[in-house]
Amino acid sequence: MRLDKYLSQATGLPRSLIKRQIKCKNVEVNGQICQDHGYKVSSDDEVSLEGREVSPPGPRYLMLNKPQGTVCATEDAEHPTVIDLLELDNIRDLHPAGRLDIDTTGLVLITNDGQWSHRVTSPRHRCDKVYLVTTADPITENCVEAFAAGITLRNEEKPTQPAQLDILSETQARVTLHEGRYHQVKRMFAAMGNKVVALHREQIGAIALDDALEPGEFRYLTEAEANSF
């Protein structure tokens, strides 16, 4: 796609204004000023307008390493949201595919594709989520069997669906589940008489959090990652 058309579709700005921005050296491709409005943008190119990366037009799929203190919402009057962390133009149509608690860190998927988001979050699709858990007290072996059998949480009638618990150390474990009940991991450990003191999501489906991303940083999903749902 031509550079001017790419920028116009990605930002919503008229083509005439985009051409002026290109002429005024406000557009960079792969870190270099580009004044060729007919430049053919490829999927590997990184395009910036006035120093801000411009996302490709059309469906967008991103991963974010969520830090503590942010909420998984598009707007919030009291706390910064995961959308606020995206240093991108034209973010109004983006939303998080699923949620993490304000004090939970790790992988959050963000998109403007509602059907894709539904496939990520719907329990019918049995999409595994993997969490690294740190607890206040030692994790006992009977927790492994309880998680696998299902736990009836407080104020609920149906037990949780089977979940996998792998004990890593005395107070650390990895939990794999495909439900998304309210505060589920914390409540499961609470039902076993333990308290979660740190919770970090490592993976959703086939998509693992990129180790190169520091808290608050994001990147676009690869084509293979986006197509895994």
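Student: Which residue forms a salt bridge with Glu-179?
Tutor: Arg-181, with the closest N and O atoms 3.1 Å apart. A salt bridge here is a side-chain nitrogen of Lys or Arg within 4 Å of a carboxyl oxygen of Asp or Glu. This is a predicted model: local features need pLDDT of at least 70, side-chain atom pairs count only at pLDDT 80 or more, and totals for chains, interfaces and linings use all residues. Residues are numbered from 1 along each chain as its sequence is written, and side-chain values use heavy atoms, leaving out hydrogens and water.

Student: Is Glu-179 buried or exposed?
Tutor: Buried, at a relative accessible area of 10%. The classes are buried under 20%, exposed over 50% and partly exposed in between (1.4 Å probe, protein chains only).

Student: Which residues are in that network?
Tutor: Glu-156, Glu-179, Arg-181 and Arg-187 are joined by salt bridges that share partners.

Student: And how far apart are the N and O atoms of Glu-156 and Arg-181?
Tutor: The closest ones are 2.4 Å apart. Glu-156 is partly exposed, with a relative accessible area of 27%.

Student: How many salt bridges in the whole structure?
Tutor: The search finds 11.

Student: Switching to cysteines: how many disulfides?
Tutor: The whole-structure search finds 0, a disulfide being a pair of cysteine sulfur atoms within 2.5 Å.
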